[in-house]
Amino acid sequence: LIRAVDCVLQAARGLAYAHSQGIVHRDVKPHNLLRDESGVIKVTDLGLARLNHGAQGPAPGADVTMAGGIIGTADYMPPEQARGAVADVDERADVFALGAILCEILTGAPPYRGEDREVHRQAIAGSLDDAFHRLGAEGVDPDLAAICRHCLAPGRESRPRNAGEVAERI
């Protein structure tokens, strides 16, 4: 558990740097976290990343993703991204994904479960009751579960603002 949580911590620190540079990954998942030969976690595959320009949105031409376009991996996706609300996807989408990875570490499964279509439906609705129930199970570290629940808040305004806040809590 300590090694797995350390992986999330390292990923959060890497994403915190990206966030400080205005970069939102938008597809954080276990397959995009690679450990090098010295044990350092690298956040990879920035193919869906975008430059976030704050409340005014991206500069013209800075993001070719169209409103309504759904990109990313539904198992680790926040509701706003699953709905295709591109303008609402910011650093808190990556925070949600970190929480989803932590949920998988703590409970053995990502927050949404089922076939692809069902997982996407759950992501759109922000259906996290099952995940929150699993996080409350006996044997799940309550402090880590609390961090996970905070990251997985269905409303983006209720999540930590960026990955740096997640790293501090871990």
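These numbered points comment on a predicted model of a protein chain.

1. Basis. Residue numbers start from 1 along each chain as its sequence is written, and side-chain values use heavy atoms, with hydrogens and water left out. In this predicted model, local features need pLDDT of at least 70, side-chain atom pairs count only at pLDDT 80 or more, and totals for chains, interfaces and linings use all residues.

2. Confidence. The protein chain has a mean pLDDT of 90, and 89% of its residues reach 70 or more. (pLDDT is the predictor's confidence in each residue, from 0 to 100.) Among the elements, helix α6 (residues 142-151) has the highest mean, 98. Strand β4 (residues 50-51) has the lowest, 88.

3. A stretch to read with the confidence in view. Over residues 55-68, pLDDT stays under 50. The model has 17 contacts beyond four places in sequence for these residues. (A contact means heavy atoms within 4.5 Å.)

4. Secondary structure. The protein chain has seven helices and four strands. Their order along the sequence is α-β-β-β-β-α-α-α-α-α-α. Both kinds of element are DSSP runs, numbered from the N terminus: helices are H or I, at least four residues, and strands are E, at least two.

5. Contacts, burial and surface. Take the contacts between residues at least 6 apart in sequence: 61% join residues at least 24 apart. Of the 170 residues in the protein chain, 45% are buried. (Buried is under 20% relative accessible area, exposed over 50%, partly exposed in between, with a 1.4 Å probe and protein chains only.) The chain exposes about 8600 Å², and carbon and sulfur atoms supply 52% of that area. Areas come from the Shrake-Rupley method with a 1.4 Å probe; for residues, only the protein chains shown count as cover.

6. Aromatic pair. Phe96 and Tyr112 are stacked, at 6.2 Å centre to centre and 20 degrees between the planes. The pair links distant parts of the chain, 16 residues apart: Phe96 sits in helix α3 (residues 91-107), Tyr112 in the loop between α3 and α4 (116-125). Rings of Phe, Tyr and Trp (its six-membered ring) pair if their centres lie within 6.5 Å; planes under 30 degrees apart count as stacked, over 60 as edge-to-face and the rest as tilted. Phe96 counts as buried because its relative accessibility is 0%. Tyr112 is buried too, at 1%.

7. Gln10. This residue belongs to helix α1 (residues 2-20). Gln10 is buried, with a relative accessible area of 17%. Leaving out residues up to four places away in sequence, Gln10 touches Gly39, Val40 and Ile41.
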